[in-house]
Amino acid sequence: MFRFTRLKNFLWDKFVQWLTYETPNHNTPLTSFERLRYELRPGDVLLVEGRSNVSEIIKSITQSIWTHSFFYIGRLHDIDDPMLRDHIQKYRHCSPDEQLIIEAMLGKGIVVSAIDTYDGEHLRICRPRGITRTDSQKVIAYAIEQLGADYNVRQLMDLARFMFPYWFLPKRWRSTLFEHNAGKPTKTVCSTMMAEAFAKVRFPIIPVLHQDKNGTLRLIRTNSKLTTPRDFDHSPYFDVIKYPILDFDELGIYRKLPWDQTGVHYNDAGDSFYSDPIELDELLPIKSPNAIKYNNTSEIVNGSETEEYVFKGSTTVKRVIN
C-alpha cells in the first residue's frame, strides 16, 4: 500500500510538472510592466496570457487568451487589518515596499507572491468599477484567508466537461458542479476564489438578469465555480485597463510646444532678463491669440501687409508679406 501511494504521488507530480511547464517567452512584451505596476490599486484583478500546457487547455475550453487571474493586494501597509498583515507573513517574508499578489497555482495551491513574477508577460488589469474602499478591503481579506488552500483539479475537470455538449455524456461522467457541496471547501481555482471574494460584498461579475411579469429586474448570482478568467474581461462591471509597451499617452504632446531655448526669462510685461543680449533680439511677442495656429505658422493682417510669424525650432521669425 505504501509503495502504491508513493507511485501515485510520483506520477501525479510528473503530471503536474507537465501541465505547468511553460515554453520560453521569446516574444516582445505587449505590456509596459513598469507603468502597470505603478498604476495598480489594491483589489484589482489581473489577467495573464499563460504559456503552460494547462494554459493551452484552458484556452481551448474558454475560447479566450486569458488563462490565469490573480488578485493584487498592494503592499503590507495597504491592508488595514494588522492580523491579516501578520497572516501574510506566515506564508511570505516580504519587505514593506513589495507589491503582493494572491493567486491559485496548480501544484502549489493558493499562495502570495510578488508582482515581479509576471514581469515580461502579457497582462491586463480588470478594475471593479465603483467599489468602495471598505468592500475592497473585505474582498482582499477573503483572499488572504484562503492562503494555503489546495488547487482543485477536479473542479477544472468538471469545468472542462461542462463546456462540452452535455446530452451525449454518460450520466456518471456528467459535471458535479451543480451539487450543493461539489468538491472540498478547502480547494479552489484562481477565478473561483476571486468570484467568491466579490460575492461576499455582492459585487457582480456576470450575473443573470431576471425580469418578472411586473417588469422588476433582479440579479441572480452565477455559480462561482463556473467563473473563468475571461469573465472579468467581459464583465460590464469591471473597467479594462491596458498599458501597452508603446503608449500614445507617453509621447508627451507637451514636448512639442514651441518653447524658447534661449536664456531669456520673463518676469512681467516689460520686465525680462537674459543671459545674452543677442538672444533677446531673436524673440518677437505675439500680438494677438488669433496669430497662433496649430501648424506652427501664424499670420496677422496689418493694413495692406501681412506679418507672418514662423516658429523655427526654438525661434520666432517675422516675415512681411506684401
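Student: Is Phe 71 buried or exposed?

Tutor: This is a predicted model, in which local features need pLDDT of at least 70 and side-chain atom pairs count only at pLDDT 80 or more, while totals for chains, interfaces and linings use all residues. Residues are numbered from 1 along each chain as its sequence is written, and side-chain values use heavy atoms, with hydrogens and water left out. A residue is called buried under 20% relative accessible area, exposed over 50% and partly exposed in between (1.4 Å probe, protein chains only). Because the relative accessible area of Phe 71 is 0%, Phe 71 is buried.

Student: Which kind of aromatic pair do Phe 198 and Phe 238 form?

Tutor: Rings of Phe, Tyr and Trp (its six-membered ring) pair if their centres lie within 6.5 Å; planes under 30 degrees apart count as stacked, over 60 as edge-to-face and the rest as tilted. Phe 198 is buried, with a relative accessible area of 0%. The ring centres of Phe 198 and Phe 238 are 5.3 Å apart and the planes stand at 90 degrees, so the pair is edge-to-face.

Student: How many residues apart in sequence are the parts that this pair of Phe 198 and Phe 238 ties together?

Tutor: Helices (H or I, at least four residues) and strands (E, at least two) are DSSP runs, numbered from the N terminus. Phe 198 lies in helix H7 and Phe 238 in strand S10 (residues 238-241), so the parts tied together are 40 residues apart in sequence.

Student: How many residues of helix H7 are buried?

Tutor: Helix H7 covers residues 190-200 and is largely enclosed by the rest of the structure. Among its buried residues are Cys 190, Met 193 and Phe 198. The count of buried residues in H7 is 9 of the 11.

Student: Where is Gln 146, and which residues does Gln 146 touch?

Tutor: Gln 146 sits in the loop between helix H5 (133-145) and strand S6 (150-151). Because its relative accessibility is 19%, Gln 146 counts as buried. Contact means heavy atoms within 4.5 Å. Not counting residues up to four places away in sequence, Gln 146 touches Ile 110 and Met 193.

Student: Which residue in strand S2 is the bridge partner of Leu 47?

Tutor: Two strands pair if DSSP finds at least two bridges between them. Strand S1 and strand S2 (residues 68-74) run antiparallel and are joined by 4 bridges. In S2, the partner of Leu 47 is Ser 69.
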